[in-house]
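Have the model open beside you and follow along.

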Amino acid sequence: MSTVDGTGASSAPGQRARAETAVVRARVRAARARTVRIVLYAAAALLWANAAALALVAGSPVWAVSSALPALLVSAALALARAAERRWVAVSVSGGSMEPAYHDGDSVVVRRRAVPVRGAVVVVERPPYRAPWPDAPVARAAPAHVLYARHWFIKRVAAVPGDPVPRAQVPALADVPEDTVPEGMLVLLGDNRDDSYDSRSVGYFPESRVLGTVEGAGQPVPRSTARMRKT
């Protein structure tokens, strides 16, 4: 994932074009990420095969261990990287929907699949305009390169399941029959209400579409530490 943003409802066509461009770029990055991953796994396999061949030729346990060391290091690095990306991902903020807490170009660390609580800042998959969700939610253990093909929002949780439905603040929920937010649903709003496409227009966001919670909400990490590029 490269960016998370918010859009103003008044500029939906322009924002939609921007989103489509971002998705095309994200898919290019996703293809590159897959290629890099395949190359690294192939390199690890070749190193292990080479180590096994050398060990058989030499017939020495010491030589077997020393020849397997590069393969072990590469495999360990791949395993650690995979474990880390299952728990955290760094993204760049695009747009001003979360000002003043987050500005365009800020970078944040997202703890994946953390349980959203009221007041938390979350990264959630961007809903399509007046259309059903085109794809299933991202799998819990999906690698980071899979996230590149989706487009994401950064919003603050205004209400969680069991909370009263905020009808007055959220026009899209004014006529819902229930009195409390249903299970599996969230009400999400941008801090900058004048420039945010959020639950006021969309209604509920499925909790299954939430990638995770921003670590240290309200305190973006320095841009120099970001691991993902802004588009």
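**Entry 1: an aromatic pair**

I started at Y197, which counts as buried at 10% relative accessibility. For my burial calls, buried means under 20% relative accessible area, exposed over 50%, and partly exposed in between, with a 1.4 Å probe and protein chains only.

Before going further, I noted that this is a predicted model, in which local features need pLDDT of at least 70, side-chain atom pairs count only at pLDDT 80 or more, and totals for chains, interfaces and linings use all residues. Residues are numbered from 1 along each chain as its sequence is written, and side-chain values use heavy atoms, with hydrogens and water left out.

How many aromatic pairs does the structure hold? I found 1 aromatic pair. F153 and Y197 form an edge-to-face pair, because their ring centres are 6.3 Å apart and their planes stand at 70°. The rule I used: rings of Phe, Tyr and Trp (its six-membered ring) pair if their centres lie within 6.5 Å, with planes under 30 degrees apart counted as stacked, over 60 as edge-to-face and the rest as tilted. F153 belongs to strand β5 and Y197 to the loop between β6 and α4 (199-202), so the pair ties together parts that are 44 residues apart in sequence. Helices (H or I, at least four residues) and strands (E, at least two) are DSSP runs, numbered from the N terminus.

I also checked F153 itself, and its relative accessible area is 0%, so F153 is buried. Over the ring of F153 sits the charged end of K155, 4.7 Å from the ring centre. I counted a charge as over a ring if NZ of Lys or CZ of Arg is within 6 Å of the ring centre and within 35 degrees of the ring normal.

Next I followed β5, residues 152-159. I see 6 of its 8 residues buried, so the strand is largely enclosed by the rest of the structure.

Which strands pair with β5? Strand β4 (residues 121-125) pairs with β5 in the antiparallel sense over 5 bridges, and W152 in β5 is the bridge partner of E125. Strand β6 (residues 185-189) also runs antiparallel to β5, joined by 3 bridges. There I found V157 opposite L188. Two strands pair if DSSP finds at least two bridges between them.

I then looked at V165, in the loop between β5 and β6. Is V165 buried or exposed? V165 counts as buried, at 9% relative accessibility. Not counting residues up to four places away in sequence, V165 touches L173, V176, E178, D179, T180, V181 and Y204; contact means heavy atoms within 4.5 Å.

T213 is in strand β8 (residues 210-214), and T213 is buried with a relative accessible area of 13%. Leaving aside neighbours within four places in sequence, its contacts include V109, R111, V115, P116 and V121.

**Entry 2: salt bridges**

My search of the whole structure gave 7 salt bridges, each a side-chain nitrogen of Lys or Arg within 4 Å of a carboxyl oxygen of Asp or Glu.

- E215 and R111 form a salt bridge, with their closest N and O atoms 2.9 Å apart. E215 lies in the segment after β8 and R111 in strand β3 (residues 107-112), so the pair ties together parts that are 104 residues apart in sequence.
- R118 and D163 form another, with the closest N and O atoms 2.8 Å apart. R118 is in the loop between β3 and β4 and D163 in the loop between β5 and β6, so this pair ties together parts that are 45 residues apart in sequence. R118 counts as exposed at 51% relative accessibility, whereas D163 counts as buried at 12%.
- D179 and R167 meet through their side chains at 3.4 Å, N to O. D179 is exposed, with a relative accessible area of 59%, and R167 counts as partly exposed at 27%.
- E125, R150 and R209 are linked in a network of salt bridges.

**Entry 3: the whole protein**

Last, I stepped back. I noted 4 helices and 8 strands. Of the 231 residues of the protein, 42% count as buried.
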